[in-house]
Amino acid sequence: MPQDAQDLKVWQRAMDLTVCVYRLTQRFPKEETYGLVSQLRRASVSVASNIAEGRGRLNTAEFRQFLGIALGSTFEIKTQLIVARRLGMGSVAAIDEAAALGEEVSKMLTSFIQKLGSKARRQS
């Protein structure tokens with residue numbers, strides 16, 4: 001089962017999300033470097049990283065587990081973007097773009113997890 005994750009559309013969109021988050025947080029206040037900037041960046045990198053790590057695992061169950069972790073990170077990002085918006089950090093347009101990408105990746109992951117679950121049940 002181990003394969004390169006770069007061929008997965010969900011991984012590609014997760015990478016787009018990471019780049020978007022990094023660009024957004026470049027304009028956050030310096031005092032947030034170890035706060036919200038660090039949290040958002042860590043969570044965004046975690047999404048694509050967990051997809052890739054899961055793709056490299058030996059079976060579908062492990063892959064699904066890592067996709068679930070990636071999905072959790074999209075919810076972290078959503079919450080952190082709400083905090084940024086409430087505090088007036090970053091442009092509204094940039095936050096909206098990151099939020100939309102996060103939502104898209106979240107839906108893709110949910111669908112992928114469900115499909116892998118169906119596949120695993122059929123194989124049992």
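Colleague: What pattern does the protein follow when read along the sequence?

Modeller: Helices (H or I, at least four residues) and strands (E, at least two) are DSSP runs, numbered from the N terminus. Here the pattern is α-α-α-α, with 4 helices and 0 strands. This is a predicted model, in which local features need pLDDT of at least 70 and side-chain atom pairs count only at pLDDT 80 or more, while totals for chains, interfaces and linings use all residues. Residues are numbered from 1 along each chain as its sequence is written, and side-chain values use heavy atoms, leaving out hydrogens and water.

Colleague: How many aromatic pairs are there?

Modeller: Rings of Phe, Tyr and Trp (its six-membered ring) pair if their centres lie within 6.5 Å; planes under 30 degrees apart count as stacked, over 60 as edge-to-face and the rest as tilted. That rule gives 1 aromatic pair.

Colleague: Which parts does the pair tie together?

Modeller: Phe-63 belongs to helix α3 (residues 60–87) and Phe-112 to helix α4 (residues 92–123), so the pair links parts 49 residues apart in sequence.

Colleague: Are Phe-63 and Phe-112 buried or exposed?

Modeller: Buried means under 20% relative accessible area, exposed over 50%, partly exposed in between (1.4 Å probe, protein chains only). Phe-63 counts as buried at 1% relative accessibility, and Phe-112 counts as buried at 19%. Of the 124 residues of the protein, 40% count as buried.

Colleague: What box do the C-alpha atoms fill?

Modeller: Along the principal axes, the box is roughly 50 × 20 × 20 Å.
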